[in-house]
Number of protein chains: 4
Amino acid sequence: MIYFNCDYNEGAHPEVLGRLCETNMEQTSGYGADIYCERARGVIRGLCGNDRLGVHFLVGGTQVNLTVIAAALRPHQGVLAAESGHINVHETGAIEACGHKVLTVPSENGKISARQVEEVYRIHVEDESMEHTVQPKMVYISNPTELGTIYSKAELEELSAVCKKNGLYLFMDGARLGYGLAAKENDLDLKIIAELCDVFYIGGTKAGALFGEAVVISNPALQEDFRYIIKQKGGMLAKGRLLGIQFLALLENELYFELGKRANVMADIIRKACRESGYPFLIENTTNQIFTIMPDDKLDSLREKYTFSYEKRIDESHSAVRFCTSWATEEVNAQKLAEDISND
Amino acid sequence: MIYFNCDYNEGAHPEVLGRLCETNMEQTSGYGADIYCERARGVIRGLCGNDRLGVHFLVGGTQVNLTVIAAALRPHQGVLAAESGHINVHETGAIEACGHKVLTVPSENGKISARQVEEVYRIHVEDESMEHTVQPKMVYISNPTELGTIYSKAELEELSAVCKKNGLYLFMDGARLGYGLAAKENDLDLKIIAELCDVFYIGGTKAGALFGEAVVISNPALQEDFRYIIKQKGGMLAKGRLLGIQFLALLENELYFELGKRANVMADIIRKACRESGYPFLIENTTNQIFTIMPDDKLDSLREKYTFSYEKRIDESHSAVRFCTSWATEEVNAQKLAEDISND
Amino acid sequence: MIYFNCDYNEGAHPEVLGRLCETNMEQTSGYGADIYCERARGVIRGLCGNDRLGVHFLVGGTQVNLTVIAAALRPHQGVLAAESGHINVHETGAIEACGHKVLTVPSENGKISARQVEEVYRIHVEDESMEHTVQPKMVYISNPTELGTIYSKAELEELSAVCKKNGLYLFMDGARLGYGLAAKENDLDLKIIAELCDVFYIGGTKAGALFGEAVVISNPALQEDFRYIIKQKGGMLAKGRLLGIQFLALLENELYFELGKRANVMADIIRKACRESGYPFLIENTTNQIFTIMPDDKLDSLREKYTFSYEKRIDESHSAVRFCTSWATEEVNAQKLAEDISND
Amino acid sequence: MIYFNCDYNEGAHPEVLGRLCETNMEQTSGYGADIYCERARGVIRGLCGNDRLGVHFLVGGTQVNLTVIAAALRPHQGVLAAESGHINVHETGAIEACGHKVLTVPSENGKISARQVEEVYRIHVEDESMEHTVQPKMVYISNPTELGTIYSKAELEELSAVCKKNGLYLFMDGARLGYGLAAKENDLDLKIIAELCDVFYIGGTKAGALFGEAVVISNPALQEDFRYIIKQKGGMLAKGRLLGIQFLALLENELYFELGKRANVMADIIRKACRESGYPFLIENTTNQIFTIMPDDKLDSLREKYTFSYEKRIDESHSAVRFCTSWATEEVNAQKLAEDISND
C-alpha cells in the first residue's frame with residue numbers, strides 16, 4: 001500500500017532526525033530554555049527580518065491554535081474563520097472548549113476576504129444590542145487553506161489592513177506553510193507574513209519534522225505571558241530542545257523550502273494525470289493537496305494500491321477525494337499513481 | 001411612546017405581583033427549599049402528568065440554556081440548533097463559554113426537522129475520524145421559535161424519535177411557551193412536551209412574571225446533581241421562593257395560558273392590519289411576534305409613536321421589523337398601531 | 001419557628017416593594033437601559049463621589065463574583081482569597097468553572113493582610129519557573145467577611161497600596177456591605193471604598209432588596225465590555241429596571257444604611273445575651289452575624305423555636321453556630337432569643 | 001556543568017532512539033491507529049494482566065492530567081490532591097482552566113491517606129447545602145510523589161477501597177513510575193496498580209523516552225470517547241506511532257524497569273554522601289530524587305559544577321535543594337557529586 005492520504009505518514013527528514021541523534025546525550029535545560037531553541041529563534045527572527053518577534057515552539061497544530069486563541073481573546077470575544085477552517089471543523093471544538101465561539105463565513109475556496117471581515121465587523125458594531133452577541137476580535141486564516149489554495153500578497157495586505165483598522169488580530173495557521181511558500185504563483189515570504197499578521201506559525205509536522213510548529217508573534221500585546229498559556233494548555237514540552245533542533249535543521253539552510261517545493265512537484269505529476277484523464281478538480285490549487293472528482297469504480301480500483309482521503313459524494317457515481325504528497329513522497333510512487341490514474 | 005419592541009417592557013401581571021406582596025414578610029428557607037417552590041413544583045408535575053419530573057426555577061433564559069447544556073454535555077459534545085437559534089446568535093457565546101460548540105443547521109422558519117438531525121448524526125458517525133469533530137449530543141429547539149413559529153405534535157414526535165434512536169437529548173427552550181401553547185393551530189400541551197423532550201422550560205419572564213423560568217427535566221440522567229450546576233453558574237436565587245410564588249400564581253389557575261391567548265389576539269389585530277395593507281410577512285406565524293416588511297418611510301413615521309425592533313434590510317427602500325405583543329398589551333394600543341399601519 | 005439562620009428569609013423592605021408596585025405597569029427598555037437604572041447609577045456615583053464609575057446591577061452574589069473575575073483575568077491568572085472566602089468554599093467552584101484558580105491564604109478572622117498579598121506576589125515573581133504556576137492578578141476580599149469582621153480604613157489602604165504596587169486588582173465583595181458600613185467601629189464609607197478598590201459591590205439581596213447587587217467599577221481597565229460578560233454569564237436581567245428601582249429605594253434616602261444599623265443593634269441584643277451567659281464567641285465582630293459556641297444540649301433546646309446555622313464541632317459536647325439578624329429582624333424576636341439564650 | 005536539576009536533561013535512551021531511526025521512513029496511519037501503537041498497547045495490557053484496558057499515548061504529563069480529569073468529571077466535580085500535588089502547584093492552573101477545582105489536603109510526605117479521602121467525602125455529603133460546594137469525585141495521587149516517596153500496596157488498597165465505596169475515581173500520576181516500581185521497598189507492580197486505580201499513566205518523558213506518557217484506563221466509564229477529549233485538548237499526536245515505538249522499546253523487554261533501578265542506584269550514591277556528611281533530608285525516600293538540607297555556602301560551592309533545584313529556605317543559613325538522577329546519569333558524575341558533597 002502506498003500512502004497518499006495525508007502528509008504525515010513518515011517520520012522526519014533524515015537531516016532532521018540526524019540532528020536529534022547527534023545531540024541526544026547532551027544535557028540541556030528544559031522547556032525551551034536551551035541553546036538550540038535560542039538559536040532556532042534567532043534563525044526565524046532573521047528569516048522574518050524582525051528581531052523583536054516572539055517565537056515559541058509547540059508540538060502540534062491544534063495545540064497551537066487553541067493556545068494562541070486562548071492567549072489572545074477575552075471571554076466574550078470570538079474568532080472569525082472560513083466555514084471549512086480547521087478550527088471550525090477538525091479540532092473537536094478545541095476553541096469552544098477554551099470558551100470562544102468560532103464565527104464563520106462561507107467560502108468556496110477556503111479563503112476569507114477583507115470584505116467579509118469588514119461586513120462581520122460592521123454588523124456587530126451597528127447592532128444596538130451588540131453585547132448580546134459575540135464580539136469578533138480575531139481573524140483566523142490558513143495558508144495554504146484546507147483546500148490547498150494560497151493567499152496572494154495583495155489579499156493578505158487587504159486582510160491585514162481591515163483587521164488593523166478595526167482592532168482585530170490576524171492569525172495565520174501555517175501548518176502547511178512550506179508548501180504554500182513554495183507554490184508557483186506564491187508572492188509571499190516570511191518577512192511579509194510577519195509584518196502583515198499579528199501571529200502565525202511555521203508548520204513542521206507536515207513538512208519534514210517528526211513534529212513541531214513554530215509560533216511567531218509580531219504583536220507585542222499577544223506576546224505577554226504567552227509561556228504561561230502554553231504551560232496551562234499542556235503544550236510545554238519538557239525536552240523543548242527537540243523542537244529547537246528540528247527547526248534549526250529545517251530552517252537554517254533552506255531545507256524547509258526545498259522540501260515544500262519538491263512536494264508540490266510531486267503533486268503536479270498527479271495533478272497532470274488527473275487533468276489529462278479528464279477528471280475535474282473540486283478546487284484548483286498548486287500546493288501538495290490534489291482535490292479531484294472521480295467515478296466511484298475508478299476509486300475502488302485505486303484503493304487497492306493507494307490510500308487517499310474521501311472528501312464527499314458528488315453524485316450517485318462520483319466522489320471527490322484528496323491525494324496528498326509530502327516532503328517524503330518518492331517520485332516513483334507519484335509516477336505509479338499518475339499512471340494508474342491515467343489507465344482506463 | 002408605546003412599546004412593541006419586546007414582551008418584557010412591563011413588570012408582572014398584577015395577580016403575580018399581588019402574591020409577592022402578600023407573602024413578603026413571611027420567613028422561609030432559601031434557595032428553593034421553601035413551601036411555595038414545593039407547591040409550584042407539584043402544580044407543574046400535575047400539569048405535565050408526571051410526578052417524577054425534576055423541576056427547578058431560574059431567573060432568566062440565557063441562564064437556563066447555559067445551565068441545562070453545561071449539565072448535560074461532556075466536553076467534546078455539542079448542541080444542535082437552528083442558525084437563528086437564540087443560543088447561537090443572542091447569548092454572547094454563553095454556551096461556548098461553558099466549553100461547547102453550537103452545531104448549526106439552516107432553517108427558513110426557525111425550526112429544525114427530524115431529517116436534519118438524522119443527517120447531522122449520520123455524517124458524524126460515518127466519519128472515520130469522528131473524534132476530530134464535535135460529537136452531536138443534544139438538540140436545542142425553541143417553541144415558539146425566534147420567528148414565532150411553533151412545532152406541531154407530529155413534528156415534535158419525529159424529532160423526539162430521532163433523538164431517542166440516536167442517543168441525543170431533546171431540549172425545548174420555552175421562553176415564550178405560553179404564547180405557543182395558546183396559538184390557534186397548536187396541538188401540543190405540557191403533558192406531551194414533558195413526554196417527548198428530555199428537558200424543557202416554561203418561560204415566565206416574557207409571559208406574566210417579573211422574571212423566572214421553570215425548568216422541567218424528564219430524563220433522569222439530566223436530573224443528577226442539577227442543583228450543583230445551577231449554583232455554580234450563578235443561577236441559584238437566594239430568595240428562591242420569589243420564583244415559586246410567581247409560578248404558582250401563573251399556573252395553578254390557568255392564568256398563564258389565558259395571558260398567552262390574549263397576547264396572540266392582540267397580535268392578530270396588528271397582523272390583520274399588515275395583511276390588509278399589503279405588507280408582506282417575513283414569516284407567517286400565529287403567536288405574539290409579527291414579522292412584517294414595510295417601506296422605510298412608513299417605518300420612520302411609525303417610529304414617532306411606537307417602538308419595535310429592526311430585523312434586517314430587505315431592499316433599498318424596505319426593511320423587516322418585528323412588532324411584539326405580550327400579556328400586558330392594552331387593546332387600545334394594539335388598535336392604535338393597527339390604525340397607524342393601515343393609514344397611508 | 002423564628003428564623004435566624006440567614007439574612008435572606010424575608011422578601012424586601014416595604015419601601016422597596018412599594019416602588020416595584022408603583023412602577024409595575026410602566027413600559028421601559030430592557031437590560032438596564034431604563035430611566036430607573038440610570039438614576040440609580042447616578043445616586044451611586046454621587047455617594048461614591050466619582051461620576052466616571054461603571055455601575056452595573058446583577059441579581060446575586062455568586063453571579064457578581066464570577067462575572068467580575070471572568071471579566072478581569074486572563075486564563076493563566078488567579079485570584080487570591082482567604083481560605084474561608086465565599087468564592088473558595090461556597091460557590092461550587094464557580095470561579096474555577098470560568099477557568100481561574102482561587103489562590104488561598106490562611107486567615108483566622110476572615111481577612112487578608114497586605115503582608116500576605118505581598119508574600120504571595122513575591123514568591124511568584126521570584127520563582128524561576130513562574131510560568132508553571134498560576135499568576136496572582138486579583139485580590140478578593142469580603143467586607144464584612146464571612147466571619148462578620150470588617151476592614152479598617154488603614155487595612156484597606158495598605159491592601160490597596162500593595163495591589164497597586166504589584167499590578168493586582170482589588171475586588172471587594174460587599175454582599176453584606178450595609179451591615180459593615182453601619183458597624184460601630186467602621187471608618188470606611190463608599191467614597192473611600194470606591195477610591196481604594198478597583199471594583200466592589202453593594203449588596204442588596206441580604207440588606208433590604210428582593211434581590212440585587214450593584215457592581216461599582218473604578219478601574220477603567222475593568223469597565224471595558226463588561227456588559228458582554230454579564231450577558232454571557234447569564235446575569236443580564238431582561239427587566240433590568242427591577243434592580244434600578246430597588247437600589248433607588250435603598251440608596252437615595254439613606255434607607256440602606258439605616259437598615260444595616262438596625263440589624264446590628266438586633267445582633268447586639270443577642271450578642272449581649274451570649275456574653276452574659278458566658279458563651280464564648282468563635283470570632284468577635286460587631287455586624288449582623290453572631291458566631292458563638294454553646295453546649296450541644298443548649299443548642300437542641302434552642303432548635304425547638306429558632307433556626308440558626310451550624311458552623312462546626314468544637315469538642316465532644318460543644319459546637320459553634322451562627323445567629324444572623326437582618327434588616328427584617330423584629331426586636332421582639334431578638335429579645336425572645338436573647339432570653340432563651342440566657343435561661344438555663 | 002553537570003546537570004542534576006531534573007530527570008529530563010538528555011534525549012532518549014539509545015535503544016529508544018534507535019527504534020525511531022529504524023522505522024523512520026515507514027508509512028503508517030496517523031493519530032495512534034498504527035501497528036506500533038497497537039503492539040505497544042498489547043504489551044502494556046500484558047504487563048497489566050488485563051486485555052480490556054484502554055491504552056492511549058500522549059506527549060506530556062500536564063497534558064495527560066488535564067485530559068484525564070476533563071474526561072472524567074462533570075462541571076461541579078473536583079479532584080482531591082495533596083497540597084504539593086503537581087496539578088495543584090505546577091501546571092499553571094491547567095485543571096481549573098478545564099473548569100475543575102483542585103481540592104487539597106495537607107501532606108507532609110506528598111501522599112494522601114484513605115482516612116483523608118474519607119473525611120473530605122464525609123464532610124461533603126453531610127453538608128446540608130452540599131450543592132454550594134464542589135463535589136469531590138476523583139482522587140489524584142502521584143507515585144512516586146513530588147517528594148519521591150512511594151505508596152505501599154497496603155496504602156493503595158486502602159485508598160482504592162475508600163474510593164470505590166464512595167464512588168470516587170482513583171487516578172495515579174506515574175510521571176516517574178519507573179523509578180517508583182524500582183525502589184527498594186516497593187511492593188507494587190503494574191498489575192496491582194491497574195487493578196486498584198481507575199486510571200494511571202506510565203511516564204516515558206522522565207524515564208528513557210524522548211517524550212511520551214502511556215495512559216491506562218481500567219474503569220470502562222472513563223474509556224468512553226476518550227480519544228475525542230485527547231484531540232480537543234490538543235494532545236493527539238499526528239505521527240502517533242512515535243509514541244508507540246518508544247513504549248515498545250521501553251516495555252517489551254524490561255528496559256523501563258532497568259533504567260528506573262539504575263537511576264535509583266545512582267541516587268543512593270548521592271544520598272549516602274549526604275547522610276555520611278550529616279546533611280539531613282527534607283524527606284526520606286529511595287527513588288531518584290534526593291531532597292537534602294545544606295548550608296548556603298556549601299550550595300554556592302556545588303553550584304559551580306552542578307545544577308540542582310532550589311526547594312525552599314530552611315533558616316537564615318540553610319536551604320533545601322533537590323538532586324535528581326535519571327536513566328541517563330553517568331556513574332562517574334554521581335561519584336563526583338558525592339565526593340564534592342563529602343568534601344569540606
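User: Through which surface do the copies, chain A and chain C, meet?

Analyst: This is a predicted model, where local features need pLDDT of at least 70 and side-chain atom pairs count only at pLDDT 80 or more, while totals for chains, interfaces and linings use all residues. Residues are numbered from 1 along each chain as its sequence is written, chains are lettered from A in the order in which they are written, and side-chain values use heavy atoms, leaving out hydrogens and water. Of the interface residues of chain C (contact means heavy atoms within 4.5 Å), 95% are also interface residues in chain A, so the copies meet through the same surface.

User: What relation superposes chain C on chain A?

Analyst: Superposing by least squares on C-alpha atoms of residues with pLDDT of at least 70 in both, a rotation of 180 degrees with 0.0 Å of shift along its axis does it, at RMSD 0.0 Å. That's the relation of a two-fold axis.

User: And which residue of chain C has the C-alpha nearest the axis?

Analyst: Its C-alpha lies 3.6 Å from the axis. The residue is C:Arg74.

User: How much area is buried between chain A and chain D?

Analyst: The contact takes 44 residues from chain A and 44 from chain D. Carbon and sulfur atoms give 57% of the buried area (accessible area, 1.4 Å probe, that two parts lose on being put together, summed over both). The total is about 4000 Å².

User: How many salt bridges cross the interface of chain A and chain D?

Analyst: The rule wants a side-chain nitrogen of Lys or Arg within 4 Å of a carboxyl oxygen of Asp or Glu. Across the interface of chain A and chain D, the count is 0.
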